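Visitor: I would like to take a close look at one part of this model, with the cut-offs spelled out as we go. Could you guide me through it?

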Amino acid sequence: MAKRIDVSGLSAFYGAHKAIEDISMTIEPRSVTAFIGPSGCGKSTFLRTLNRMHEVVPGGRVEGKVMLDDEDLYGPGIDPVSVRREVGMVFQRPNPFPTMSIFDNVAAGLRLNGDYKKSGLADIVEQSLRGANLWNEVKDRLNKPGSGLSGGQQQRLCIARAIAVQPKVLLMDEPCSALDPISTLAIEDLIGELKEQYTIVIVTHNMQQAARVSDRTAFFNLAAIGQPGKLIEIDETERIFSNPSVKDTEDYISGRFG
Amino acid sequence: MDISTQKPQAGNDDTLPEDAAMKHAPSAPAPGHAPATKAPAPRAAGTATRRGDRIFLGLSRGSGILLLAVMAAIAVFLSYRAILAISKDQGNFLTTFEWDPNSTEPVFGIAVLAFGTVVSSVIAMVIAVPVAVAIALFLTHYAPRRLSGPIAYVVDLLAAVPSIVYGLWGALVLVPHMNGLFSWLDTYLGWTGIFSWQGGPARSMLTVGILLAVMILPVITNVSREVFRQVPKAHEEAALALGATRWEVIRMSVLPFGRSGVISASMLGLGRALGETMAVATVLSPTFDIQASLLDPGGGTFAQNIASKFGEANEQGRDALIASGLVLFVITLLVNGAARMIIARRKEYSGANA
């Protein structure tokens, strides 16, 4: 189910401004890849190019190639809508649909696709909520609004919503930055479980978090404000945090800048 | 406590009358609550002590009280004159199909007016709300920015046209051009009864409804547009990331978020449609009976009837017209109350607490 991502020579623009430049990397399936780097270095922008959400922003434009196994995501005739059905996303702030119940939130993606049996819907919702470690907390109030949950529960609801459509890849854009430490721990445990089935990419500002959850870590940096962000290096997480090959990485991780 | 080292915000060092008056005010609630608070609950934290605060508190509370006083004065005036008229009515005020309040044996009833007012407004809403919501969605989610600015401006211009101009346009342009539509409706939907047409001039309820729809379109469009523009980006991205198309994003996040706003917008439009006077009076050829068909000329509305009968009315006739105005007032209140109930019932699911 999980797929490999191969990025080569990717640049992204906001209008005339180049946000990231010439990024190439391979993201392995069934593993967690973390993106770290100072604010403005383009890691979130890069994440959003992986499911073609970048171009939703007015003026957003991408050059280069992203391969999902052997499918070119930016190839001619590829519908961004179908890309996003394969590459799910969880956002920084929990964003369940406020007008929908918990059940409907999880079922929302399935109902869009339409490729499910009505009778199977409840099962998939239950599986997804179990998968997001939320089932026991919400099973008695599935028809209550999702916005009534706590922040951490809402974020797990968003994860359940994302995995309900069985994506190949799960992108997470600072999924814990709006949460308290306990909820953060719950999400991190969940990420560890989810990587058995999915390719997971997570952007984080919390280096301890990157060290805890990821198998590989990519460090992004920018030369100066206004310059495009670049990939400095990507390696095994253990290596990045113990013995990185680029000095900038070591400086950033040891807190000398950023 | 009164005099601190810092200067008062408003910067007026002279003692103003409001200021003096406020010194006698008992424990003062927060300014924002002033209009609704009849018996102020003691709230130490909300007590205004600075001069600028006190002036603002006095002004805002005074405005609130003034509003209540004006509303009460209107209600008392309408009720008093209406009761005078209805007590002399020889017919049934609610069911009589006649308007002859000026004679010594006055006979008048509002059945025709209530029917005409409600029917013309309902037609206007049925036409205007979907079109307005579609325009608002187009402006906020489909149109390129170069296009949405000018279109929004033209919609605003529609609201600036005086209603008598709409009336003239309706009578001189719209009415003569309705014949094609009317004969088409008569041919294909005539069997329903409400769309049968005897070939008279198109000064009928349907024409009035269409004209009212054009008139209330801008207000519904503008309010809906503002609401749709405020849909949090996060909600739209949530739908997009699940693989929603543009229309599905609108269905999943934009419309649910904007629902209560669209209802409020529609109520604003309905309020204008219910009370519209000159345009209706210019287009409609009024009769005091109810036409089963929307296409045949005749009927009347409260506002149109008041405008056209006021000149020839004596004291008693005016009271009768005021009584009909009171009914319009009550209908408008009921409609607004119903709208508020619809909005409140789904509050739990509204985007407000997200």
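Visitor: Among contacts in chain B between residues at least 6 apart in sequence, what percentage join residues at least 24 apart? After that, please show me how α7(B) and α9(B) meet.

Guide: Gladly! This is a predicted model, where local features need pLDDT of at least 70 and side-chain atom pairs count only at pLDDT 80 or more, while totals for chains, interfaces and linings use all residues. Residues are numbered from 1 along each chain as its sequence is written, with chains lettered from A and ligands numbered from 1 in the order in which they are written.

To your question: 71% of the contacts in chain B between residues at least 6 apart in sequence join residues at least 24 apart. A contact here is a pair of residues whose C-beta atoms, placed from the backbone, lie within 7 Å. Chain B has 12 helices and 2 strands, these being DSSP runs numbered from the N terminus (H or I, at least four residues, for helices; E, at least two, for strands). Along the sequence, the pattern is α-α-β-β-α-α-α-α-α-α-α-α-α-α. Of the 354 residues in chain B, 37% are buried, that is, they have 20 or more other C-beta atoms within 10 Å of their own, C-beta atoms being placed from the backbone (12 or fewer is exposed, in between is partly exposed).

Now for your pair. Helix α7(B) covers residues 205-229 and helix α9(B) residues 246-275; their axes come within 8 Å and cross at roughly 150°. Those axes are lines fitted to C-alpha atoms over the stretch in contact, with angles from 0 to 180 degrees between N-to-C directions.

Which residues touch? On α7(B) they include Leu212(B), Met215(B), Ile216(B), Val219(B) and Phe228(B). From α9(B), Gly258(B), Gly261(B), Ala265(B), Gly269(B) and Arg272(B) are among the partners. By class, this contact has 13 nonpolar, 6 polar and 1 charged residues. Ala, Val, Leu, Ile, Met, Phe, Trp, Tyr, Cys and Pro count as nonpolar, Asp, Glu, Lys and Arg as charged, and the others, Gly among them, as polar.

Note on methods
Contact = placed C-beta atoms within 7 Å.
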